Amino acid sequence: IRCWSNIPFITMPLSRAHGKSFAHRSELKHAKRIVVKLGSAVVTRGDECGLALGRLASIVEQVSMLQNQGREMMIVTSGAVAFGKQRLRHEILLSQSVRQALHSGQSQLKDMAIPVLEARACAAAGQSGLMALYEAMFTQYSICAAQILVTNLDFHDEQKRRNLNGTLHELLRMNIVPIINTNDAVVPPPEPNSDLQGVNVISVKDNDSLAARLAVEMKTDLLIVLSDVEGLFDSPPGSDDAKLIDIFYPGDQQSVTFGTKSRVGMGGMEAKVKAALWALQGGTSVVIANGTHPKISGHVITDIVEGKKVGTFFSEVKPAGPTVEQQGEMARAGGRTLAALQPEQRAEIIYRLADLLTDQREEILLANKKDLEEAENKGRLALPLLKRLSLSTSKLNSLAIGLRQIAASSQDSVGRVIRRTRIAKDLDLEQVTVPIGVLLVIFESRPDCLPQVCKEGRVHCWEFFDDKRKSISVAHSNQILHHLTQEALSIHGVKDAVQLVNTREEVEDLCRLDKLIDLIIPRGSSQLVRNIQKAAKGIPVMGHSEGICHVYVDTDASVEKVTRIIRDSKCEYPAACNALETLLIHRDLLRTPLFDQIIDMLRVEQVKIHAGPKFASYLTFSPSEVKSLRTEYGDLECCIEVVDSVHEAVEHIHKYGSSHTDVIITENEKTAEFFLQHVDSACVFWNASTRFSDGYRFGLGAEVGISTSRIHARGPVGIEGLLTTKWLLRGDNHVVSDFSEHGSMKYLHESLPLPQRNTN
């Protein structure tokens, strides 16, 4: 903790050697000294006569937050001209109204014309008010601000440069935020073609060049340039094919078409890019972003510093592989080609992948062994997690069998006609199945998910990453499985339909690509699903947030069935989302031999028991009382609760369950049917383990996830859940006007027989 003027603030260990800019966005969180440049369009209102106070207050709040973290913040601001114009317009209107009222009465006030105001006069009138506003805002966060006005001459005169540099360093040392602006009251008009003359010279003709010059002079780590556009586009924003450039590299200027400058200010995007590249060459990282959008302006600066994908990041280091946008485009193109293949060709790809899993078994298991060794070196792993990470010969054989099942049924997936209607004579309509599109499948440390999903070879693409919550990675396993999948796809030239990504940052970027990704399927913990649902921007997410599965033991339950079903539901694979988490027992079964058998079996299996509130009330010495009845343990733990009837069991499930899988154990058919019909979950079973809630066990061939939503797909999702439909209409010179009241044709709407399905 350091103090200045009795104001404490925290200094973070953020210092780094200056001289080279950051190579990746993720490194921006290490930025110590930051310049924020506020363009005229950011600071001013839409009418250009006054300041956007709400927007400015939000920016001050973000700068203050970063300053109080121990960073050294500087602001290069516009707005003096606009603020002065507002004041001068008011003074002129007031002056004119008084004179005209004395001369000719109120009737001519509406005809008053406001003269064109000279910019330097507006700047002179607005500087003091702008600074007073900044001071008032920063005072709310116990931060002092200081104003510095500069001109181009201040950088060309060596003595003035040293003075300016010393002043800024002293202000930063005292935890004061310098607010810098060109002295527009005296600055001469910019000379043409004097903007950038090389790495060592930059002419301060506007606040873009001022910010770049200042950033390099002060050896800042990061320059944030806020404007009224999202960043740099490959063509003028608003044009049909304009795409936001995520990362801009020196030398890419030829691929960009610059449009006109913003509605206010002296510079345009071309000036910003030139200034940014100059600063980048000087060792300062640069991000150009939108500071006016109401949905993001409240956190745009902090998001940039946190490394989030906002605006255009300028970097001197080009990535070795394609960007996620390029991967998405490759997946889209490859997927469309894949969907157009004949069923026999798709089956050939899937058979080939099955053969590769068998033929390359040793290489796959060796790669998986490396992942397990690396994971164990980082700490002892829980048995459920170790089981999830592991591949085995039996797992690979099961995957290969599932692949061959899918290949054998591939005739009945894509292109299957599910409805035929004769609209009118020679006008026939068909509804056929097609792939949903590009899928983003995200899984946690489960290498077997990759070929499981790739069984659905009719879908365009899957992207994957490993969950790094516990620093557990299956990168070696993923790489070889991805390589084998692409090898199988390459026999028909569609290997790009499957792409692999491995980092959180890449996944976050993909979740924003709503023009390229059609559906997201998270495979993992409830926290992963919630995080992905939050990160997805306009892309539907198919999944379940939690797997809180119940087993209700009725009074008419069979003694032989109860312990078998409960043991299998809880102990066979406790980390699975379809494992038992809450055991509901009818009150009449307490203190009976059946109840004792259940408890003894759970103890033998080393299942930790948590007592629900009602169950605890029946016991003198009870297990630890459950903290929440909505708990997914994912381990050898479960909750036991008591209910008075099947009706109360259903109510409990609806109140505390997650609509995943719920089971009743009873020999009473009437009670069982009541349970089956009234429990509103994706899967409801009678006298069967919760673990049957699985696509492979349902005979779907493969499972890409389990959905508890009510739209599109519910329960275990296999091939059918990854398909949608399109309509094909075949006519012969048909027009709607022929079917009008006086037209020559009539609608028939006759159902036609469907083509015979291949049952071999």
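**Salt bridges and a parallel sheet**

Let's start with Asp 246, which counts as buried at 16% relative accessibility. Here buried means under 20% relative accessible area, exposed means over 50%, and partly exposed is anything in between, using a 1.4 Å probe and protein chains only. Before going on, note that this is a predicted model, where local features need pLDDT of at least 70 and side-chain atom pairs count only at pLDDT 80 or more, while totals for chains, interfaces and linings use all residues. Residues are numbered from 1 along each chain as its sequence is written, and side-chain values use heavy atoms, with hydrogens and water left out.

So what does Asp 246 pair with? Its partner is Lys 309, in a salt bridge whose closest N and O atoms are 3.9 Å apart. Asp 246 sits in the loop between β7 (222-227) and β8 (247-248) and Lys 309 in the loop between α9 (300-305) and β10 (312-314), so the pair ties together parts 63 residues apart in sequence. Helices (H or I, at least four residues) and strands (E, at least two) are DSSP runs, numbered from the N terminus. Lys 309 is buried as well, with a relative accessible area of 18%.

A salt bridge needs a side-chain nitrogen of Lys or Arg within 4 Å of a carboxyl oxygen of Asp or Glu, and the count by this rule is 34. Another one joins Asp 355 and Arg 404 at 2.9 Å, N to O. Asp 355 belongs to helix α11 (residues 343-359) and Arg 404 to helix α14 (residues 393-408), so this pair links parts 49 residues apart in sequence. Asp 355 is partly exposed at 31%, and Arg 404 is partly exposed at 31% too. Elsewhere, shared partners join Glu 158, Arg 161, Arg 162, Arg 213 and Glu 217 into one salt-bridge network.

Now for the sheet. Six strands form an open sheet with parallel pairing, in the order β17-β18-β16-β15-β19-β20; two strands pair if DSSP finds at least two bridges between them. The edges are β17 (608-611) and β20 (683-686), each with a single partner strand, so one side of each has no neighbour in the sheet. Inside the sheet, β15 (residues 549-553) and β16 (residues 580-586) pair over five bridges, with Val 551 standing opposite Leu 583 in β16.

Helix α22 (residues 646-656) packs on this sheet, touching β15, β16, β18 (637-643) and β19 (661-665), at about 170° to β15. Contact means heavy atoms within 4.5 Å. Angles run from 0 to 180 degrees between N-to-C directions, with axes fitted to C-alpha atoms, for helices over the stretch in contact. Helix α23 (residues 669-678) lies across β15, β19 and β20, running at about 175° to β20.
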